[in-house]
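The following note sets out some points on the ligand site and on the aromatic contacts of the structure under review.

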Amino acid sequence: MLDALKNRRAIRQFKTCEVERDKIETLLEAATYAPNDRMREPWHFYVLQGDSLKRYEHVALDYLQKRFPTKPHLVESSMEAITKTPLVIVVTSAIVDRDEGATKDNTFAVSSAIMSMWLMAEQLGLGMVWRTRGVGLVHDTALHHFVGASDEEQLIGTLCIGYPAEEITTEKKRTPFAEKTTWL
Ligand SMILES: Cc1cc2nc3c(=O)[nH]c(=O)nc-3n(C[C@H](O)[C@H](O)[C@H](O)COP(=O)(O)O)c2cc1C
């Protein structure tokens with residue numbers, strides 16, 4: 001398990017080939033076994049490929065052009081995060097009416113589910129990155145509207161997935177746990 005955790009990496013460059021349906025379903029199945037408070041199972045997944053991904057590109061381009069009107073190069077390079085990704089899964093978490101604590105717990109559960117998907121992806125030979133910024137569009141309403149999420153859902157992650165086209169050779173850097181731990 002420790003090896004699996006150490007080897008998991010954010011992958012951002014993908015081959016153009018599609019991800020098979022059964023592999024996508026395995027990722028989704030892995031997610032649903034995540035721990036969650038009171039079995040609310042607060043996640044929902046929006047799978048974008050092919051035509052729907054092309055339509056999302058228009059939404060993202062529109063967002064970036066409005067956000068960075070004087071930086072066309074930035075817009076162009078940011079767009080590569082989706083134009084060169086064969087599969088995007090947008091993950092939402094349920095908002096619990098008038099219960100901030102439960103709503104927070106739901107986001108923790110959905111984060112756990114995304115981590116399960118990330119580890120599962122690695123085992124299936126896929127690469128993945130969890131995006132929130134830029135074309136991740138998690139902190140904006142455009143993607144929320146585009147996927148048709150309800151007002152009772154909040155976006156947690158835009159998962160860009162595909163077969164890796166990058167080799168990561170650098171060692172994974174982390175602060176030793178001793179510097180982040182207080183033994184009481
Ligand atoms: C909540 C969250 C949001 C993230 N958002 C982005 C993002 O918008 N763009 C991006 O390139 N990577 C994003 N990442 C990936 C991190 O940059 C990556 O996990 C970090 O650099 C550590 O690298 P590793 O995953 O290979 O260990 C995000 C990760 C998390 C957990």
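1. A polar contact is taken here as a pair of N or O atoms within 3.5 Å. The model is predicted, and the contacts below should be read as computed values.

2. A backbone N or O atom of R133 is 2.9 Å from an oxygen atom of the ligand, and one of W130 lies 3.0 Å from a ligand nitrogen atom. The side chain of R174 also takes part, with an N or O atom 2.8 Å from an oxygen atom of the ligand. The ligand taken alone exposes 620 Å², of which the protein buries 69%.

3. The shell around the ligand comprises seven charged, four nonpolar and one polar residue. Among its members are R8, R9, R12, W118, T132 and K172. Strand 3 (residues 127-131) supplies the largest share of this shell, three residues.

4. Two of the shell residues, R8 and W118, also interact with one another: the charged end of R8 sits over the ring of W118, 4.3 Å from its centre.

5. The structure holds one aromatic pair. Y56 and F146 are stacked, with 6.2 Å from centre to centre and 25° between the planes. Y56 belongs to helix 3 (residues 50-67) and F146 to helix 6 (residues 141-147), so the pair ties together parts that are 90 residues apart in sequence.

Note on methods:
Residues numbered from 1 in each chain as written. Predicted model: local features only at pLDDT ≥ 70, side-chain atom pairs only at ≥ 80, totals over all residues. Heavy atoms only, no water. Near = heavy atom within 4 Å. Polar contact = N/O pair within 3.5 Å; in protein donor to acceptor, adjacent residues only side chain to side chain. Areas by Shrake-Rupley, 256 points an atom, 1.4 Å probe, with all protein chains shown as cover. Helix = DSSP H or I, 4+ residues; strand = E, 2+ residues; numbered from the N terminus. Nonpolar A, V, L, I, M, F, W, Y, C, P; charged D, E, K, R; others polar. Phe/Tyr/Trp six-rings, centres within 6.5 Å; stacked < 30°, edge-to-face > 60°. Lys NZ or Arg CZ within 6 Å of the ring centre and 35° of its normal.
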